[in-house]
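I opened my notebook to look up a few things in this structure, one at a time. Follow along with me if you like.

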Amino acid sequence: MTACIVGWAHSKFGKLDGETSESLITKVASEAIAHAGIEPRDVDVIYVGNMNGGFVKQEFHSSLPLQTHPDLRFKPSTRVENACATGSAAIHMGLNSLAAKKARFVLVVGVEKMTELNSAQAGDVLIKASYVAEEANIEAGFAGIFGKITSAYFQRYGDKSDALARIAVKAHRNGVKNPFAHFQKEFDYGFCRNPSDKNPFVAGPLKRTDCSPVTDGAAAVILADTDTALSMKQAIAFRAAEHVNDFLPMSKRDIIQFDGPTLAWKRALESARLDLLDLSFVETHDCFTSAELIEYEAMGLTPRGQGERAILDGWTERDGKLPVNVSGGLKAKGHPVGATGVSMHVMSCLQLSGAAGGMQLQAPKLAGVFNMGGAAVANYVSILEPVK
């Protein structure tokens, strides 16, 4: 065990009119500190995950958590960024501080306020998570990036639109059970499978129901070293925490192989001395339904080109052999970019501590979290287990 999560908090995700990055940060920071049962003065280091500041005028976020309480004044605080994996990157910075014995308690906050921009403006920000020199002019922005990936996958392995529709249906069915989710409405298979005025094609084979939404939200965790955590009222340990970066240009990779995610999962499972099916559930980065499909293969649930088996045979449903995204995932819960990685860890902590309410699985013991920045570029895998 490298460290533990001893407190957490999560805002509602969605179009949060009246909220700002500051209000979201201070809310979840205050709640996470209280949930951990510590005082603001006990926090030694702060990390703030925020993608790139391009969604709001207030680009300098690192000191905003200090607005939470006067006792946080003068605490070292740093903004962290790694595209859509920003939240996990911030958590890893906290883990590094604990490993270096530079801190006893670390506050990590992930936040994004995306809806102040219109769709076109948000798209201009998100495309910066690609290799701009070659990919910036791909039609439909970052959805176009995954449209190309999805088309390439279909060309190699056949049309998997049935599987993508089933993944979307699963996400929305699960999102209904998540009070924090952006979307809390089910969509039937026919609606997700067939293009329509309300569900048009967005990029390549991807329809609107295949794409995660533009979302506002924040989440926070308190990290502690293991010895300290064992004296706390709750503790969720990192059994493994791995980070793998791949080349940024898609032209330098076989993009549908997801080599970076595959290696991150391999290293995490080896570090934890586990097999994939030892896990009770996985929260994975379904920015698009095709990403989840390929991630089934990257994590080792199916062989290459056979990811559809996992969803069509029910393996990744709530009652399947490896439930995936019981929170609704990015697809239904929402994808406020800087907050996403922290949110995934909070969702896992809720499950492992038995506090997930209507989302709760029966007695989960081990969680896998996969958070991805860009098109399989920055890849983070955590394996979590409750120790208290």
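Predicted model: local features only at pLDDT ≥ 70, side-chain atom pairs only at ≥ 80, totals over all residues.

**Notebook: a loop, a helix and an asparagine pair**

I began with Ala83, which I found in the loop between β3 (77-80) and α2 (86-99). The phi of Ala83 is near 55 degrees, a positive value in a residue other than glycine. Is Ala83 buried or exposed? I looked up its relative accessibility, which is 12%, so Ala83 counts as buried, the cut-off being under 20%.

**Entry: helix α10**

Next I turned to α10 and asked how many of its residues are buried. I found that 10 of the 10 are, so α10 is largely enclosed by the rest of the structure. Among them are Thr289, Glu292, Glu295 and Tyr296. I then checked what these buried residues pack against: α5, α6, β6 (206-207), α9 (259-272), α11 and β10 (367-373). After α10 comes Gly300, and its phi is positive too, near 95 degrees.

**Entry: α5 against α10**

Two packed helices are described by the angle between their axes and the distance between the axes. Helix α5 covers residues 141-157 and helix α10 covers residues 289-298; I read an angle of about 55 degrees, with the axes 10 Å apart. The two helices are therefore oblique to each other, and their crossing is left-handed.

Which residues of α5 and α10 meet? From α5 I listed Phe146, Ile149, Thr150 and Tyr153, and from α10 Ser290, Ala291, Leu293, Ile294 and Glu297. I sorted the residues of this contact into six nonpolar, two polar and one charged. The spacing of such lists made me recall a rule: an α-helix has 3.6 residues a turn, so residues three or four places apart point the same way.

**Entry: Asn174 and Asn325**

Last, I went to Asn174, which sits in helix α6 (residues 161-175). Its relative accessibility is 2%, so Asn174 counts as buried. Leaving aside its neighbours within four places in sequence, I found Asn174 in contact with Arg318, Val324, Asn325, Val326, Ser327 and Gly328.

Asn325 counts as buried because its relative accessibility is 1%. Its phi is positive, about 60 degrees, although Asn325 is not a glycine.

Note on methods: Residues numbered from 1 in each chain as written. Heavy atoms only, no water. Helix = DSSP H or I, 4+ residues; strand = E, 2+ residues; numbered from the N terminus. Buried < 20%, exposed > 50% of the residue type's maximum accessible area, 1.4 Å probe, protein only. Contact = heavy atoms within 4.5 Å. Axes fitted to C-alpha atoms, helices over the stretch in contact; angles between N-to-C directions. Parallel < 35°, antiparallel > 145°, perpendicular 65-115°, else oblique. Left-handed = near helix turned anticlockwise from the far one by under 90°. Nonpolar A, V, L, I, M, F, W, Y, C, P; charged D, E, K, R; others polar.
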